[in-house]
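Please keep the sequence and the model in view while reading.

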Amino acid sequence: MAAATSLEQDYNLSFVSDLCREISLKRIKRHSFIDIITKGDKERSIDPDEESHWISVIFLKSSELRFSFKAQFVTDDARQFAANAYGEDLAKEGLSQRLIDEFIKEFCNLMGGGVKEHFEKSGLVTQISLPLLTRGRDDVFFCPDHPEQYEELFQDTWELKLGDKSIICQAIFEVYNKESLSKICNNVIDLDSEDDDHVEFF
């Protein structure tokens, strides 16, 4: 679950993991119009050199922390998640790579919006990037900063599953001020809220 296991008494990093996993599940169900998607610990690995391996990334930044969310996928898997979202006619024709990529990027956008909403309601003013899409092997460019740059590092990786298909999700928190974790972990919000429209981009 969490890479960081040394916990302060005023916050619990398992809350952060549960928050991110639950937001991702609710947003992918809503985005795909598929209610049978489940979430679970990461079980699969994708070869970085797999030609159809892609990654979409979105970033949130405040003066106290930086959050990044990555969705890794193989094109054929993501096609199953996206099929309902584009309607029966397009699904029968076969979704193009462009439509599949746009589906995943919008999922990242929804995920980023959900986390940003929680940050804002916890008193953290944040900015959000546009979602990026690149090759799976480029994941090396989205690793955390060196340890001297932050006070706490939290990482969690899980899968969203649709039958034997899956999207691998990863959340990374680089915390510059540990007091911000107390705000995040002690503020419970309604994860069904759809108030994601008012976001400030980089």
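Q: In which order do the elements of the chain run from the N terminus on?
A: This is a predicted model. Its secondary structure comes to five helices and seven strands. Read from the N terminus on, these elements run α-β-β-β-α-α-α-β-β-β-β-α.

Q: Which element gives the most residues to the largest nonpolar core?
A: The core in question has 43 residues, and I28, F67, F69, F119 and F173 touch the most other members. At least two residues each come from several elements, including α1 (13-32), β3 (65-74), α4 (97-121) and β7 (165-175). With nine residues, the leading contributor is α4.

Q: With which residues is F69 in contact, leaving aside its neighbours within four places in sequence?
A: F69 is one of the core residues that touch the most other members. Once those sequence neighbours are set aside, its contacts are S56, V57, I58, F107, C108, M111, W158, C169 and Q170.

Q: How do the residues of the contact of α1 with α4 divide into nonpolar, polar and charged?
A: On the α1 side the contact includes F15, L19 and I28, and on the α4 side F103, F107 and L110 are among the residues involved. Taken by type, the residues of this contact are ten nonpolar, six polar and three charged.

How values were computed:
Residues are numbered from 1 along each chain as its sequence is written. This is a predicted model: local features need pLDDT of at least 70, side-chain atom pairs count only at pLDDT 80 or more; totals for chains, interfaces and linings use all residues. Side-chain values use heavy atoms; hydrogens and water are left out. A nonpolar core is a set of buried Ala, Val, Leu, Ile, Met, Phe, Trp, Tyr and Cys residues joined through side-chain atoms within 4.5 Å. Buried means under 20% relative accessible area, exposed over 50%, partly exposed in between (1.4 Å probe, protein chains only). Helices (H or I, at least four residues) and strands (E, at least two) are DSSP runs, numbered from the N terminus. Contact means heavy atoms within 4.5 Å. Ala, Val, Leu, Ile, Met, Phe, Trp, Tyr, Cys and Pro count as nonpolar, Asp, Glu, Lys and Arg as charged, and the others, Gly among them, as polar.
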